[in-house]
Amino acid sequence: MHSPPMPLASASLWTTAWQQLRRNRLAMVCLGIIVFYALVAVYAEGVYWFYRLRQQTPPYKVVEFESRFAQPSWRHPLGTDSLGRDVFRQVVQGTRIAFEVGILTSLIAIPIAVLLGALAGYFGKRVDDLIVWLYTVFDSIPGLLFILAIAIVVGKGLLGVCLGIGLTTWVGLCRLIRGEYIKHRDRQYVLAARVIGVSDWAIMFRHILPNVLHLVIISFSLRFPGAILTEVVLSYLGVGVQGEPSWGIMISDAKLRLWQGHWWELAGATTAMFFIVLAFNLFGDALRDALDPKLRTAEAKTA
Amino acid sequence: MCCFRPLLRVVAVLLAAMGSLRVEAIIPARQNAAFYGSTERIRGFDPVQTGDTTSAAAVSKVYEGLYEYKYLARPYAVRPLLAEALPEISADALTYTIRIRRGVRFADDPCFPGGKGRELTAEDFLYSWKRLADTRNRSTGYWIFEGRIVGLDEFHKRSIKEKVRYDEPVEGLQVLDRYTLQIKLTQPYPQLIWVLTMTYTFAVPREAVEYYGEEFLNHPVGTGPFVVADWRWRNYRIVYARNPNYHGDTYPTEGEPGDPLEDAGQPIPFLNRITEYVVGDDSTEWLMFLSGQLAASGISRNNFDAVITAQKDLTPELKVRGIRLYKSPRMYTTYLGFNMDDPVVGKNQKLRQALACAVDIEKWIAFYNHRMVPATGPIPPGVAGYDPAQPSPYKFDLDRARRLLVEAGYPGGKDPQTGSRLTLTMEIGNASDPETRQAADLLASFFDRIGVELKPSYNNWPEFLKKLERRQAQMFQLGWLIDYPDAENFLQLFYSKNASPGPNHCNYANPEFDRLYEQIRVMQDSPERTAIYQRMAGLVVEDCPWIFLTHPLSFGLFQPWLKNFKPSDFPYPNMKFYKVERHP
Amino acid sequence: MMAYIIRRVLYVIPVVFGVALVTFILFNVVGWNAASQMLGKHASPEEIAALQERLGLSGPLYQQFSHYLWQIVTLDFGRSYATNQKISTLILNGILPSLSLTVPIFLIDLLLAIGIALVAAYYRNTWLDRSIVVLAVIGMSISYLVYILVGQYLLAYRAGMFPIWGYETAKYLLLPVIIGVVSGLGSGVRFYRTVMLDEMYQDYVRTAFAKGCTQRSVLFKHVLKNAMIPILTSVVLSIPFLYTGNLLLENFFGIPGLGYLSVEAINSADYPVIKAVVFVGSVLYVFASLLTDICYALVDPRIKLR
């Protein structure tokens, strides 16, 4: 065991934070909602793959032309749309898309942010200059337009949306990580590791990273709702998910018949979206307060 | 809480300031003779670039051509507009002599000496048509003259490599005197008279083109009834005003029974001002129409059954408000095209026939709320060659579709070699429109019933065209709106020499069809020609390069205060006949 | 001091260059070339090639990039593929409508948010504060689309209080402004409340309380004054985004600003237009952040570059 003593803070940080969170009843309710939605998303994913692998048309796509624009009933809890498809099933599938977007964009943005932030903060000098330049450039480009531009250039669909959101939203986290690495790189345990010849790579990702991991967790929970809202807007503008029922597409469809009082499609999609976004927002706040109260202002600024 | 009062006061002041701030005081109080309508984004006012119907409608308000369709007459007939009379045609049908009206003046514009509009002469047409042939003008309409006028093709080809001068003589385009024009053709061109009503051929003054240069498209100077009064926000609104220099014309005195004739013989235009908004969104446009902000509106599929009763009449609540409905057939065919170069669908006639039999056209039409009639071939109703009595051999029949699918080598929709489902990709041109998306889902559900999977691929319009031009599409959904009332305009879509990047996007090639096409190309209208049209349509129906879907009907609504409205397949210049009485 | 400012000003050059590089890579390298849409369906390959040469889209990438840099220097971004209009004119014409929408939204939002945040800070940890926070988060969690659709349908169409669509008189702006204010209020309130509470727990505030200052005087004399720095930063840095307008509101209500222009351009793959709008927006942001940094340096001489 050549590894020098690691700061003990991290283990207890997680325990205390969890204890604090558990006392926060609102946060627990929100966590419950999130878990529920996640289960729904997993279920929807199962439905999707089940029918895809068996090469059948999934029930949420089944067109029942005769019963279009049906009001909510026992058979169709949220009514049917203009092709007679069940709105409730589509809302469930929309949850899947929302989670896919939330997770995929994080999988793109967070590694970029952590890697670049760590490199910049740890090595400093030229590397730092380059990375700071890079994120200053990305930060300068107007957000939604940049996302739209990437999505349109890459191609419409889930991939375009995720790349668009993922490639534009890493700057805030990257800046925070860089700041933390600058603080940590001159700490005792890092200097000690360097003296006994631990490689830079190992120091950065085995020694320092655990100490800044809470930033990643917080960032994940706070970016999730943003990604969902953005996806909806993109789908509404026609560059989003294609051929699958996303909430944005449902809202855009629902708009056409709103003037006649056909409210259920709009209500279904927006209500489903509202609760998951709300739960993530509130839970993210609580999580941040528990893990790192100082972040509040910093995060708010980059939001 | 007293400390927050100043803050509230600031907010109150701000709100008040907003209320008094007038962003742009262009629209006067609503008044008679002002028309409010909707349009789409246009590419500018250069006649040579008006490939789409919206631009054609805009250009036709400002510019004019030699001929136009009679407003009320059906079937369509042509009357002189800037020409004095119909052309004098030589016995071999190769020389057209056209005399133009005297005393017609262009609108006043700084491009003319002294700012006063100059008189129109025969030279202006020569100049305008050479502009159409010059590739530097990015014209989209040269096809109307391509291969037809003596010497013009050479001029066109030369303009790709070098800058051509418009003074250079072209043998087939001659001016006999100030008011007389002569066209020499390479072969008879029976459609020429229709072509001369199209916006591509409209007269533009050389002075304006040279004065405005690249910005010519924003500064139209024409002889038409209107001039552009405001077009600052290009994608939001176009405002036209009456052209004080207009040469004057009168409302037609005869029409079909039921046509509006209260203003027969009255001088046109009746409108002083036209404001057209680029609304874009169907549901917004509909709400605007209902609240009286627009004078006319189409009916989107989604609103149709709420607006029109089962008897194809207006619902009582709209009738009470005096809103009127028009409906008329359109010379329009919608279809699903196959790329005949595609290894899967292109080389497998049985497969195409099977897919055609799988399309439940009744349901498709029900989805569009019965706004269309089923198409049995390429030729739409209203032109010679349309034959409603001839049923399509490949109409909806699921059993037959399944049998054909077996013959095609895909029993049950499965590829026997790989055992997986046959999956086809269909390109669609407009992803942001919910209606297109729903229609694609419906088509997919049709093919699903015979086990074939259809994947819609959404593109924006330029991407879509690109795929067609590069022959990358496997299947595509498209329609063809007639350019002039002659079935030849539809049949050319299957001529092998018109294959992509030409308009034959399915890249259909059939020597027999080509031979017949070359034959009818130079034939005048006659029963023999109509018989050949029908034979050609039969060839296409059997080969199934298209799945023929529908011929849409035109449905629209207009407010009680809009008068003299008559729907048309070529409605571009018709606003000069409209009249607005008593705006609420 | 002077040295810092000069260094900071010079730093604008690599950042603007970076923005140019990113937009170039996005549109000229990754994105396909849509120039042929200018020519329509019947264009021959030679015609397309000739046009591309005139547009600076042929030749190796470094040549195209230098052509683009030249466009930037001369502020001439060429013409739109879809409508053939001069892009610089399109942008200039779009700025006023965009600002007439975003500036009122921004100012009203700012004042309301700070006002409400002050109330929340004043009554911190009471039911009033807590319900303000919850309401703010609820407001943030509702999609923009819902505000717009419900606003247009209920207020404009059903109640007839506002015009449904258009940009004719100030009346036409009322509904979009109200929707913009309401939808942005939640996050604003939350941010300013946090900023103020952070300030509340500073030592000097405790001292002030200990010395017997009243709540109100502390809040206004000390907290608000000190909270001004983060507030001003966020304000200055938001100003450039006013220029790009509001994509959804403009698109939905037909306000002919840059947001409307961008959405149209995106729907028709009109790359030169998107490229130009993105680039100009970025440059404005670069200058705004330059401005804040210089102001900081003037206020607080200890600050050095990073």
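A crossing of two helices is left-handed if the near helix is turned anticlockwise from the far one by less than a right angle, and right-handed if clockwise. This is a predicted model, where local features need pLDDT of at least 70, side-chain atom pairs count only at pLDDT 80 or more, and totals for chains, interfaces and linings use all residues. Residues are numbered from 1 along each chain as its sequence is written, while chains are lettered from A and ligands numbered from 1 in the order in which they are written.

**Exercise 1.** Work out how helix 5 and helix 8 of chain C cross.

*Solution.* Step one: find the axes, which are lines fitted to C-alpha atoms, for helices over the stretch in contact, with angles from 0 to 180 degrees between N-to-C directions. The axes of helix 5 (residues 87-122) and helix 8 of chain C come within 6 Å and cross at roughly 40°.

Under 35 degrees counts as roughly parallel, over 145 as roughly antiparallel, 65 to 115 as roughly perpendicular and the rest as oblique. So helix 5 of chain C is oblique to helix 8 of chain C.

Step three: look at the hand, and you get a right-handed crossing for helix 5 and helix 8 of chain C.

Step four: sort the residues. Ala, Val, Leu, Ile, Met, Phe, Trp, Tyr, Cys and Pro count as nonpolar, Asp, Glu, Lys and Arg as charged, and the others, Gly among them, as polar. This contact between helix 5 and helix 8 of chain C has 22 nonpolar, four polar and two charged residues.

**Exercise 2.** Now try helix 5 and helix 6 of chain A.

*Solution.* Start with the axes again: helix 5 (residues 143-154) and helix 6 (residues 158-168) of chain A come within 8 Å and cross at roughly 140°. That makes helix 5 of chain A oblique to helix 6 of chain A. Next, the hand: helix 5 of chain A passes helix 6 of chain A in a right-handed crossing. Then pick out who touches whom, counting residues as in contact if their C-beta atoms, placed from the backbone, lie within 7 Å. Among them are Phe146(A) and Ile150(A) from helix 5 of chain A, and Leu163(A) and Leu167(A) from helix 6 of chain A. By class, this contact of helix 5 with helix 6 of chain A has 11 nonpolar, four polar and no charged residues.

**Exercise 3.** Describe chain C and the side of chain C that touches chain A.

*Solution.* First, count elements: helices (H or I, at least four residues) and strands (E, at least two) are DSSP runs, numbered from the N terminus. Chain C has 13 helices and zero strands. Second, check the contacts between chains: 44 residues of chain C meet 39 residues of chain A. Helix 2 of chain C gives the largest share of that side, eight residues. By class, the side of chain C that touches chain A has 31 nonpolar, 12 polar and one charged.

**Exercise 4.** Is helix 14 of chain B mostly covered or uncovered?

*Solution.* Take the rule first: a residue is buried if 20 or more other C-beta atoms lie within 10 Å of its own, exposed if 12 or fewer, and partly exposed in between. In helix 14 (residues 461-469) of chain B, seven of the nine residues are buried, so by the rule above the helix is mostly covered. Phe464(B) and Leu465(B) are among the buried ones. The cover includes strand 17 (423-428) and strand 19 (475-481) of chain B. Just after helix 14 of chain B, Arg471(B) takes a positive phi of about 60°.

Methods. Contact = placed C-beta atoms within 7 Å.
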